[in-house]
Amino acid sequence: MKDLTISMIQANLHWEEIDANLAMFEEMIWSIEGSHLIVLPEMFTTGFSMNAEKLAEPPGGKTFKWMRQMATQRKVAITGSVITKDQGKFYNRLYFVYPDGSSKQYDKKHLFNLAAEGETYTPGEERVILEYKGWKIHPMICYDLRFPVWARSKKTKEQTYEYDLLLYVANWPDTRVNAWDTLLKARAIENLSYCAGVNRIGTDGFPKGYNGHSGIYSPKGEELAFSDNKEEILTATLSAEELKTYRRDFPFQEDADDFELK
């Protein structure tokens with residue numbers, strides 16, 4: 001397990017314009033050098049739309065193929081969520097595409113019913129913890145951040161820590177951004193892991209406003225990178241040695257409660 005450099009792209013999404021967003025992000029991705037992982041926002045090709053019937057792509061569709069092309073050409077992992085239609089159901093689906101073109105996926109578990117997300121999309125049922133460059137990464141989507149049990153690093157007889165990096169992609173409105181800031185730090189601290197969250201800026205079609213506040217935090221809750229209301233690429237290197245040392249010196253997770261998710 002070596003240091004991991006991640007870049008998060010905080011951008012103003014073009015409302016429900018897939019091609020325009022792909023072109024925008026492609027230009028930004030080609031400007032990034034030296035990163036191992038590039039993180040894009042929730043529904044990065046459309047914005048947080050409930051117009052799934054019009055915008056959904058099949059598994060392996062245009063956006064997934066674009067992500068795979070970008071990942072293999074740039075030799076970097078790329079992740080973000082896409083409106084997906086799979087076996088007649090709509091999902092807010094995160095793809096994690098590796099540099100060799102292989103992939104993992106996670107379907108958003110907690111749907112934001114205040115915006116009728118639950119009336120449009122089907123919730124996922126599986127937590128996903130994937131491995132990349134020796135790091136265990138737990139990807140999640142936006143509203144999942146409010147539910148600590150879903151993110152909790154579960155201690156077992158075989159392992160003390162389930163993951164090393166907790167990752168959130170989001171369209172989190174500016175009116176509730178204080179919760180976003182607070183909970184990203186809390187998730188890092190309570191799970192003794194790095195925590196990174198990417199959000200968008202601008203205005204969507206509802207209209208809702210967004211002011212970014214994308215951030216990367218250490219297991220102590222220290223800010224490693226942060227961006228307010230502007231288009232920006234945030235980059236930080238996560239230290240494997242610092243994570244190992246902090247967990248050794250402050251082994252709080254060893255005293256964690258046992259629990260079962262249902």
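Modeller: Ser-239 caps the N-terminal end of helix α7, with a side-chain oxygen that lies 3.5 Å from the backbone nitrogen of Glu-241. Such a polar contact is a pair of N or O atoms within 3.5 Å, where within protein one must be able to donate a hydrogen and the other to accept it, and residues adjacent in sequence count only if both atoms are side-chain atoms. Please keep in mind that this is a predicted model, in which local features need pLDDT of at least 70 and side-chain atom pairs count only at pLDDT 80 or more, while totals for chains, interfaces and linings use all residues. Residues are numbered from 1 along each chain as its sequence is written, and side-chain values use heavy atoms, with hydrogens and water left out.

Helix α7 itself covers residues 240–249; helices (H or I, at least four residues) and strands (E, at least two) are DSSP runs, numbered from the N terminus. Its buried residues are Ala-240, Leu-243, Tyr-246 and Arg-247, where buried means under 20% relative accessible area, exposed over 50% and partly exposed in between, with a 1.4 Å probe and protein chains only. These four residues lie on the same side of α7, because they cover an arc of only 135° around the axis, the arc being that of the directions from the helix axis to the C-beta atoms. The face turned away from that buried side carries the exposed residues Glu-242 and Arg-248. Among the elements that cover the buried residues of α7 are β7 (135–141), α6 (177–191), β9 (194–198) and β14, with contact taken as heavy atoms within 4.5 Å.

Strand β14 leads on to a sheet. It belongs to an open sheet of six strands in the order β5-β4-β3-β2-β1-β14, with mixed pairing; two strands pair if DSSP finds at least two bridges between them. Both β14 (232–238) and β5 (103–107) stand at the edges with a single partner strand each, so one side of each is left without a neighbour in the sheet. From one strand to the next, the twist averages 30°, using axes that are lines fitted to C-alpha atoms, for helices over the stretch in contact, with angles that run from 0 to 180 degrees between N-to-C directions. Helix α3 (residues 62–74), in turn, lies across β3, β4 and β5 and runs at about 165° to β3. Strands β3 (residues 77–86) and β4 (residues 89–97) pair in the antiparallel sense over nine bridges, and the bridge partner of Thr-79 in β4 is Phe-96.

Charged pairs complete the picture. Another salt bridge joins Asp-86 to Arg-93, with the closest N and O atoms 3.0 Å apart; Arg-93 is buried at 2%, whereas Asp-86 is partly exposed at 21%.

Terms used. A salt bridge is a side-chain nitrogen of Lys or Arg within 4 Å of a carboxyl oxygen of Asp or Glu.
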